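Welcome, and please open your viewer. This tour goes from stop to stop, telling you what to select and what is there.

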Amino acid sequence: MWDGGLEELFFRFSHRFTRVEPRRRALAYLRGLLAPLERRNGWTLAEQAGHVSPDGLQGMLGSAAWDRDAVRDDVRDYVVEAIGEPGGVLVADETGFVKKGRRSAGVQRQYSGTAGKTENCQIGTFLCYATGRGRALIDRELYLPRSWTDDRDRCRDAAVPDEVEFATKPEQARTMIERAVAAGVPFGWFTADEAYGQNPGLRRWLEEQDIAYVMATRCDDEVPAGLRTTTRVDALIARVRPGAWRRMSCGDGAHGPRVYDWASVAIRRSFPHGRRGWVLARRSLSTGEIAYYVCFAARGTRLRELVRVAGARWAVEESFQTAKNEVGLDQYQVRRYDAWYAHITLAMAAAAFLVITRAAEAVKGAPSQVVARAA
């Protein structure tokens with residue numbers, strides 16, 4: 001059943017390969033990513049495929065005989081077909097890939113939220129799609145710092161195309177949202193952490209496109225508070241009377257419902273399309289620590305809906321965990337720009353297969369151990 005389902009997925013994008021050998025190797029690579037291996041590096045994947053060396057699979061990753069972006073689009077369509085809902089949430093976030101040396105595309109010493117510190121690493125920006133039926137990664141971009149884009153010789157050595165220019169992570173998120181919109185992905189909201197929420201350019205663009213959002217922001221972020229005046233979001237929330245806070249869950253976590261106290265205050269300015277804006281606050285029951293969000297949505301949007309979307313941001317963290325732990329998203333051994341996209345795209349396909357298989361088996365009432373393997 002598993003192999004048949006995987007071949008069905010692969011058939012969706014097998015025509016993106018212009019030669020037979022890379023096509024066969026890509027399927028072998030996918031099978032290896034899904035195999036119960038402790039590590040999914042070049043040698044272990046080659047051994048799993050019955051190859052005498054990793055050269056063939058590694059060559060497939062850098063081959064010009066297939067269209068990585070077209071495969072990405074096919075994987076996205078596969079996910080949407082299986083779990084798509086009109087109220088779905090798009091979630092942007094980045095994750096780090098610790099690397100040695102300086103030759104891998106985009107690598108430098110930079111802060112990685114994955115490691116919680118500055119590391120020599122690559123950073124990938126991702127778009128996750130989350131609905132009540134599941135969640136999966138549907139798009140990706142490799143972040144190239146200016147130290148790379150300002151050095152075109154270095155870029156060429158890593159197979160970075162000359163037309164690739166510097167883009168911030170919020171700009172990369174915007175590009176991926178644009179692709180989702182153009183593809184007709186059904187969604188009602190966008191959410192992200194404060195790296196995106198505090199970016200005024202991204203907020204303005206979302207408002208102009210009439211894309212509702214709930215994005216985390218810093219406590220010192222300022223919003224309009226009247227005629228030509230602004231106020232910090234923490235000062236605005238500090239005025240909320242104690243009885244106005246509402247206790248509710250923003251979704252289930254590993255240890256059950258994520259329950260916090262929540263409050264919202266309207267932002268005093270006009271918004272495009274007749275929409276409204278709010279500052280949303282989440283207060284921890286145990287520590288009293290408060291997290292802040294900026295929101296944009298239709299008039300009359302209820303607090304419970306804002307809370308639901310805020311909680312959906314954890315979907316991307318869970319998707320990273322699945323992709324790294326189960327299919328080796330972070331276990332690649334490549335330096336080239338095109339090879340990074342190849343591995344990441346195939347790992348996203350493998351992770352999507354697991355998520356969708358889990359959802360299908362859960363609906364059919366499959367034994368718990370089968371569902372757990374697909375998690």
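**A lysine over a ring**

Start by selecting Lys324 and Phe97: Lys324 lies over the face of Phe97, at 5.5 Å from the ring centre. Before you go further, keep in mind that this is a predicted model. For a view of confidence, colour the chain by pLDDT: the mean is 93, and 97% of the residues reach 70 or more.

For another charge over a ring, select Lys169 and Tyr143. Here Lys169 lies over the face of Tyr143, with 4.7 Å to the ring centre.

**Aromatic pairs**

How many aromatic pairs does a search of the whole structure find? There are 13 aromatic pairs. Select Trp262 and Tyr293 for one of them, a tilted pair with 6.2 Å centre to centre and 35 degrees between the planes. This pair links distant parts of the chain, since Trp262 is in strand 10 (residues 256-266) and Tyr293 is in strand 12 (residues 290-297), 31 residues apart. Both Trp262 and Tyr293 are buried.

**The largest pocket**

Stay with Tyr341 and bring in Asp69, Glu141, Val164 and Tyr337: of the 21 residues that line the largest pocket, these five lie nearest its centre. The volume of this pocket is about 440 Å³.

Which elements give two or more residues to the lining of the largest pocket?

- helix 5 (68-83)
- strand 4 (134-143)
- helix 8 (169-182)
- helix 14 (337-364)

Helix 8 gives the most, with four residues in the lining.

**Arg31 and its neighbours**

Now move to helix 2 (residues 20-34) and select Arg31, which is found there. With 31% relative accessibility, Arg31 counts as partly exposed. Leaving aside residues up to four places away in sequence, Arg31 touches Asp3, Leu6 and Glu7.

**A proline in a loop**

Where is Pro272 found? Look in the loop between strand 10 and strand 11 (276-283). Pro272 has a relative accessible area of 29%, so this residue is partly exposed. Show what surrounds Pro272: setting aside residues up to four places away in sequence, it touches Glu207 and Phe296. Between the C-alpha atoms of Pro272 and Phe296 the separation is 9.8 Å, and the two residues are 24 places apart along the chain.

**Last stop: residues 368-375**

Finish by selecting residues 368-375, where pLDDT stays under 50. For this stretch the model has 21 contacts beyond four places in sequence.

Note on methods:
Residues numbered from 1 in each chain as written. Predicted model: local features only at pLDDT ≥ 70, side-chain atom pairs only at ≥ 80, totals over all residues. Heavy atoms only, no water. Phe/Tyr/Trp six-rings, centres within 6.5 Å; stacked < 30°, edge-to-face > 60°. Buried < 20%, exposed > 50% of the residue type's maximum accessible area, 1.4 Å probe, protein only. Lys NZ or Arg CZ within 6 Å of the ring centre and 35° of its normal. Contact = heavy atoms within 4.5 Å. pLDDT = per-residue confidence, 0-100. 1 Å grid on protein atoms, 1.4 Å probe; cavity = no way out; pocket = protein on both sides within 12 Å on 5 of 7 lines; lining within 4 Å. Points joined across faces, edges and corners; volume = space filled by probe spheres on them.
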